[in-house]
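Please consult the sequence and the structure alongside the text.

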Amino acid sequence: GHRPVASWVITVIVTPTRGSICSALARVGGPSIPERVRDALAATVDRVVVIANDPNLLAGLHLPTRPDRQPGEGPLAGVEAALHWAMDEGRPGALVAACDMPFLDARALGLLLDSATSDATAFAGASRPPLCVYLATSCLPAVERLLEGDGDRSLRALLGAVDTAWVPEGEVARFIDPQTMFFNVNTPDDLRRAEQIAREMDARA
């Protein structure tokens with residue numbers, strides 16, 4: 001059968017706000033952060049696509065791109081677009097990852113797919129779940145309800161509204177330090193720290 005379509009939710013889309021950086025353009029250890037995300041996903045699934053409201057921003061990835069169906073509604077709108085794309089292709093769901101996480105590990109991502117028996121599969125342990133989840137197309141009604149409402153539109157709200165299986169941090173730790181896996185780059189300080197982590201990982205390789 002099909003592996004799920006891997007989709008990205010682009011969390012920093014247009015110009016960086018003051019004090020932050022555009023993670024879509026930042027480089028860590030050579031490749032850009034989205035290139036690193038793409039490569040981790042491509043090692044996990046057979047098809048990688050991009051959800052981005054500015055198609056030019058990630059044109060260098062040479063991947064099929066669609067915008068949010070409801071631009072301006074945040075990451076959940078990107079999730080909605082990803083699940084509609086999966087449905088259009090007759091796939092069971094989407095492996096969704098943000099483009100600001102330079103250290104995604106393909107083996108750890110595989111844990112999400114190996115455990116994908118519920119509506120959603122996510123990594124446990126973090127106070128705020130990282131945007132790195134497997135979502136079956138059966139999540140779409142819950143996503144649309146949250147987008148239509150005036151309440152919480154976070155990933156945590158979605159995972160609380162559907163049947164979610166949780167992959168323990170200890171499973172991730174078999175492959176990579178979970179704090180490294182879920183590190184995301186939003187500020188210049190984050191980028192400097194990511195470059196340091198990349199150097200340390202290269203030194204150990």
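**Helix H4**

In helix H4, which spans residues 140-148, the buried residues are Leu-140, Ala-142, Val-143, Leu-146 and Leu-147. Here buried means under 20% relative accessible area, exposed over 50%, and partly exposed in between, with a 1.4 Å probe and protein chains only. Viewed down the axis of H4, these buried residues fall within an arc of 165°, so they line one face of the helix. The arc is taken over the directions from the helix axis to the C-beta atoms. Arg-145 and Glu-148 are exposed and sit on the face of H4 turned away from its buried side. The cover over the buried residues of H4 includes H2, strand E6 (132-136) and H5.

Helices are DSSP runs of H or I with at least four residues, strands are runs of E with at least two, and both are numbered from the N terminus. Residues are numbered from 1 along each chain as its sequence is written. Because the model is predicted, local features need pLDDT of at least 70 and side-chain atom pairs count only at pLDDT 80 or more, whereas totals for chains, interfaces and linings use all residues; side-chain values use heavy atoms, without hydrogens and water.

**The chain as a whole**

The protein chain has eight helices and seven strands. Of its 205 residues, 50% count as buried. Contact means heavy atoms within 4.5 Å. Among contacts between residues at least 6 apart in sequence, 70% join residues at least 24 apart. The accessible surface of the chain is about 9500 Å², and 48% of this area belongs to carbon and sulfur atoms. Such areas come from the Shrake-Rupley method with a 1.4 Å probe, and for residues only the protein chains shown count as cover.

**The largest pocket**

The largest pocket holds about 460 Å³ of space. A pocket is an open set of points on a 1 Å grid over the protein atoms alone, where a 1.4 Å probe fits, with protein on both sides within 12 Å along at least five of seven lines; lining residues have an atom within 4 Å of a point. Its volume is the space filled by probe spheres set on the points, which are joined across faces, edges and corners. There are 20 lining residues, and Arg-128, Pro-129, Pro-130, Leu-131 and Asn-184 lie nearest the centre. Helix H2 (75-88) and helix H5 (155-161) are the elements that give two or more residues to this lining, with H2 giving the most, three residues. By class, the lining has twelve nonpolar, four polar and four charged residues; Ala, Val, Leu, Ile, Met, Phe, Trp, Tyr, Cys and Pro count as nonpolar, Asp, Glu, Lys and Arg as charged, and the others, Gly among them, as polar.

**Single residues**

| Residue | Relative accessible area | Class |
|---|---|---|
| Leu-58 | 5% | buried |
| Ser-118 | 17% | buried |
| Ala-161 | 43% | partly exposed |
| His-62 | 70% | exposed |

Leu-58 is in the loop between strand E2 (48-51) and strand E3 (65-66). Its C-alpha is 7.9 Å from that of Pro-34, 24 residues away in sequence. His-62 also lies in the loop between E2 and E3, and its phi is near 55°, a positive value in a residue other than glycine.

Ser-118 occupies the loop between helix H3 (106-114) and strand E5 (120-123). Beyond its neighbours within four places in sequence, Ser-118 contacts Ala-136, Asp-163, Thr-164 and Ala-165.

Ala-161 belongs to helix H5.
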